[in-house]
Structures are given as structure tokens and as C-alpha cells.
Amino acid sequence: MKKALCDGFEKVINSDACREKIEAANMTYMPLNAQETNDILDSMSGNFEKIINAYLNSAN
């Protein structure tokens with residue numbers, strides 16, 4: 001099941017339609033595979049946690 005989802009993700013992200021929609025939204029097109037995307041999101045989650053905690057602590 002996981003392989004099918006990863007394969008589907010890569011098919012979509014590498015499509016012209018996806019690239020066009022991303023670029024039309026003035027975003028940078030980065031055709032990463034599922035593992036690369038997961039790695040980036042994992043590395044970003046720690047930063048989001050710090051930002052949220054700083055916000056919550058400043059509200060007290």
C-alpha cells in the first residue's frame with residue numbers, strides 16, 4: 001500500500017499539471033519524491049513546534 005501511495009505521489013508531483021498549478025500560485029516547483037518530502041517535513045516540524053510554543057508562552 002505504501003509503495004502505491006508513494007508511486008502515485010511521484011506521478012502527480014512530476015506531472016505538468018501539478019507544476020503549472022504550483023507555478024501559477026507563485027510557488028517554487030520542487031519535484032521531490034515521497035521520502036525527500038517526508039524528510040523535509042520532519043525537519044520543519046521542530047521549527048513549527050518552537051514557533052507555536054513561543055507564541056503560546058508570549059500569550060501568558
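Asp16, Arg19 and Glu23 are tied together in a network of salt bridges, where a salt bridge means a side-chain nitrogen of Lys or Arg within 4 Å of a carboxyl oxygen of Asp or Glu. This is a predicted model, so local features need pLDDT of at least 70 and side-chain atom pairs count only at pLDDT 80 or more, while totals for chains, interfaces and linings use all residues. Residues are numbered from 1 along each chain as its sequence is written, and side-chain values use heavy atoms, with hydrogens and water left out.

Arg19 meets Asp16 at 3.8 Å, N to O, and its contact with Glu23 has the closest N and O atoms 3.2 Å apart. Arg19 and Asp16 both sit in helix H2, 3 residues apart, or about one turn of the helix. Arg19 and Glu23 are separated by about one helical turn too, because they are 4 residues apart in H2. As for cover, Arg19 is partly exposed at 26% relative accessibility, and Glu23 is partly exposed with a relative accessible area of 40%. The cut-offs here: buried is under 20% relative accessible area, exposed is over 50%, and partly exposed is in between (1.4 Å probe, protein chains only).

How many salt bridges does a search of the whole structure find? The count is 3. One of them pairs Asp7 with Lys3, and their closest N and O atoms are 2.8 Å apart. Asp7 and Lys3 are 4 residues apart in helix H1, so about one helical turn separates them. Asp7 is partly exposed at 41% relative accessibility, whereas Lys3 counts as exposed at 59%.

## Overall layout

The protein chain has 3 helices and 0 strands, going by DSSP runs numbered from the N terminus (H or I, at least four residues, for helices; E, at least two, for strands). Along the sequence that reads α-α-α. The radius of gyration is 16 Å, well over the 10 Å that the globule rule gives for 60 residues, so the chain is more spread out than a compact globule. That radius is taken over C-alpha atoms, and the globule rule is 2.2 Å times the number of residues to the power 0.38.

Taken along the principal axes, the C-alpha atoms fill a box of roughly 45 × 30 × 15 Å. Buried residues make up 8% of the 60 residues. The accessible surface comes to about 5200 Å², with 60% of it belonging to carbon and sulfur atoms; accessible areas come from the Shrake-Rupley method with a 1.4 Å probe, and for residues only the protein chains shown count as cover.

## Helix H1 and its partner residue

H1 covers residues 2-13, so to speak: 12 residues reaching 16 Å from first C-alpha to last, close to the 16 Å expected at 1.5 Å a residue. The expected span is 1.5 Å times one less than the number of residues. H1 is hardly covered, with a buried count of 1 among its 12 residues.

Phe9 is found in H1 and is partly exposed at 33% relative accessibility. Phe9 and Ala34 are 25 residues apart in sequence, yet 6.7 Å apart in space, C-alpha to C-alpha.

Cys6 is partly exposed at 23% relative accessibility, while Cys18 is buried at 16%.

## The loop and the nonpolar patch

Asn26 lies in the loop between helix H2 (16-24) and H3. Asn26 has a positive phi of about 60° although it is not a glycine, and it is exposed, with a relative accessible area of 73%.

A nonpolar surface patch of about 900 Å² is made by Met30, Ile40, Leu41, Met44, Phe48, Ile51, Ile52, Tyr55 and Leu56. Patches are made of residues with over 30% relative accessible area and no salt bridge, joining like charges within 9 Å and nonpolar side chains (Val, Leu, Ile, Met, Phe, Trp, Tyr) within 5 Å. Met44 lies in helix H3 (residues 34-58) and is partly exposed, with a relative accessible area of 32%.
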